[in-house]
Protein chains: 2
Amino acid sequence: MATQRKRTKIEDIRRVELIAAAHRVFLEHGLQGMTSARICREAGMSPGILAYYFKGKDEVLFGMVRYNNRLLMEDVIARLRAARTAWARLEAIVEGNFPDSAFTRPIANAWLSVCAEAGVNPQYARLQRLFYQRLRSNLASVFDGMFDATRLRDASLVIAALIDGLWLRKAATDDVGRDEAITLVLSGIRSLLNNGEEQLLRRPADDRET
Amino acid sequence: MATQRKRTKIEDIRRVELIAAAHRVFLEHGLQGMTSARICREAGMSPGILAYYFKGKDEVLFGMVRYNNRLLMEDVIARLRAARTAWARLEAIVEGNFPDSAFTRPIANAWLSVCAEAGVNPQYARLQRLFYQRLRSNLASVFDGMFDATRLRDASLVIAALIDGLWLRKAATDDVGRDEAITLVLSGIRSLLNNGEEQLLRRPADDRET
DNA sequence: CAGAATCTTGTATAAGCGTACAAAAATCTT
DNA sequence: AAGATTTTTGTACGCTTATACAAGATTCTG
């Protein structure tokens with residue numbers, strides 16, 4: 001029992017350290033350059049350590065993606081809870097997709113390389129789909145009762161596309177800042193809504209675009 | 001002279017064949033899985049042939065990307081030339097970004113992997129930037145005299161983001177068809193324009209969304 | 001402080017990659 | 001057709017990678 005407790009503790013510590021190191025390497029070198037050796041070196045450990053705590057490199061990677069998604073989602077959920085109007089909830093969702101000081105070129109690139117890998121590795125594709133479903137259900141919670149199913153779908157598609165497209169742009173040219181990206185998405189959404197749902201959504205004009 | 005002509009001919013043939021084979025491999029296995037050996041096997045030649053006609057693998061790759069970009073752009077330019085109204089020109093640009101029967105998951109994925117690589121390889125990044133500049137100058141030609149610089153920039157950003165986002169979505173979940181994607185982008189643009197530029201752009205209501 | 005369990009290291013292995021290159025085959029020249 | 005040139009082949013080299021594993025270091029137990 002005592003041994004059990006200690007073993008578990010160290011094991012968890014190392015796993016977290018390795019995942020954190022993997023995350024740093026990931027952001028710096030992309031999915032491609034995230035090698036086992038580099039992860040271990042970044043964590044200040046020897047090359048073989050990774051195989052001791054993880055079944056393989058993929059396990060580290062999935063752990064990392066899961067970890068980050070959870071952080072992101074917790075943030076969005078917290079913001080959603082604090083929001084009082086429908087528009088504020090929209091803002092929360094959008095801002096949650098551009099996490100504070102995480103809308104940077106390296107991160108955009110890293111995320112992009114995961115998307116690219118998802119096309120080959122079904123495991124990644126599953127994570128990707130989960131991500132989209134969550135965004136869509138968040139949006140559904142805002143538009144609940146305002147839109148019919150097809151209009152909800154269209155709106156979700158367009159909003160998701162806007163967000164993803166701006167991330168992609170960030171990765172490519174890095175000429176859009178976080179605040180500008182959020183403003184663009186929100187004003188895009190406003191345009192969509194003003195074009196037919198004037199009465200459905202409480203007018204966002206009384207809010208600030210921040 | 002005769003030798004010159006013949007040599008050049010064979011050389012060009014092989015280069016084209018290899019680029020075509022590279023393209024097929026690229027679509028099937030992604031940028032990652034596009035190895036020299038596979039390209040040669042796909043072309044029905046021996047592994048060493050690639051080094052004979054190209055300086056390295058990258059040269060094949062850049063040739064491939066350039067070739068495809070040129071095809072795409074020629075298509076857009078032809079459509080633009082045929083368009084008579086501003087809205088028709090917009091349609092041409094948007095449709096040109098969803099080439100006929102090329103809006104498929106494998107292609108979306110392949111394109112995505114190039115974007116991801118562009119974050120590491122500056123050569124790719126250059127191609128990427130050229131691509132964006134062309135889209136932007138095309139859009140500028142439509143909005144010429146209607147928008148000021150900042151508004152043009154915003155519109156270009158949003159439209160490009162919409163297009164890219166839908167491609168990314170295609171790669172991830174493959175739940176959007178080509179026609180639907182075009183419709184979504186065009187109606188998104190319409191919303192944007194209706195929200196302040198009613199008089200500037202000839203009303204698109206008299207056009208069909210096709 | 002032994003002895004055992006746990007943790008860590010460093011290296012070895014095997015696979016896959018791009019590329020170079022000698023030799024073989026094909027083609028052209030005269 | 002013989003010799004020269006171009007084209008193609010197959011292989012081999014060097015490098016990088018993930019992973020396995022024996023041996024050493026550390027920590028816990030009694």
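Reply:
**The core and a serine**

In this predicted model, the largest nonpolar core has 84 residues, and Phe98(A), Phe143(A), Phe98(B) and Phe143(B) touch the most other members. Such a core is a set of buried Ala, Val, Leu, Ile, Met, Phe, Trp, Tyr and Cys residues joined through side-chain atoms within 4.5 Å. In soluble globular proteins, nonpolar side chains tend to be buried together.

Leaving aside residues up to four places away in sequence, Phe98(B) has contacts (heavy atoms within 4.5 Å) that include Phe103(B), Trp167(B) and Arg178(B).

Now to your serine. Ser113(B) sits in helix 6 of chain B, residues 105–118; helices are DSSP runs of H or I, at least four residues, numbered from the N terminus. Ser113(B) counts as buried because its relative accessibility is 10%, where buried means under 20% relative accessible area (1.4 Å probe, protein chains only). Its side chain reaches the backbone oxygen of Ala110(B) at 2.6 Å. Beyond four places in sequence, Ser113(B) touches Phe26(B), Gly30(B) and Leu31(B), as well as Ala116(A) from the other chain.

As for the two chains, a 180° rotation with 0.0 Å of shift along its axis superposes chain A on chain B, RMSD 0.1 Å, by least squares on C-alpha atoms of residues with pLDDT of at least 70 in both. The copies are therefore related as by a two-fold rotation axis.

A note on conventions: residues are numbered from 1 along each chain as its sequence is written, and chains are lettered from A in the order in which they are written. Local features need pLDDT of at least 70, side-chain atom pairs count only at pLDDT 80 or more, totals for chains, interfaces and linings use all residues, and side-chain values use heavy atoms, without hydrogens and water.

Notes: Helices (H or I, at least four residues) and strands (E, at least two) are DSSP runs, numbered from the N terminus. Buried means under 20% relative accessible area, exposed over 50%, partly exposed in between (1.4 Å probe, protein chains only). A polar contact is a pair of N or O atoms within 3.5 Å; within protein, one must be able to donate a hydrogen and the other to accept it, and residues adjacent in sequence count only if both atoms are side-chain atoms.
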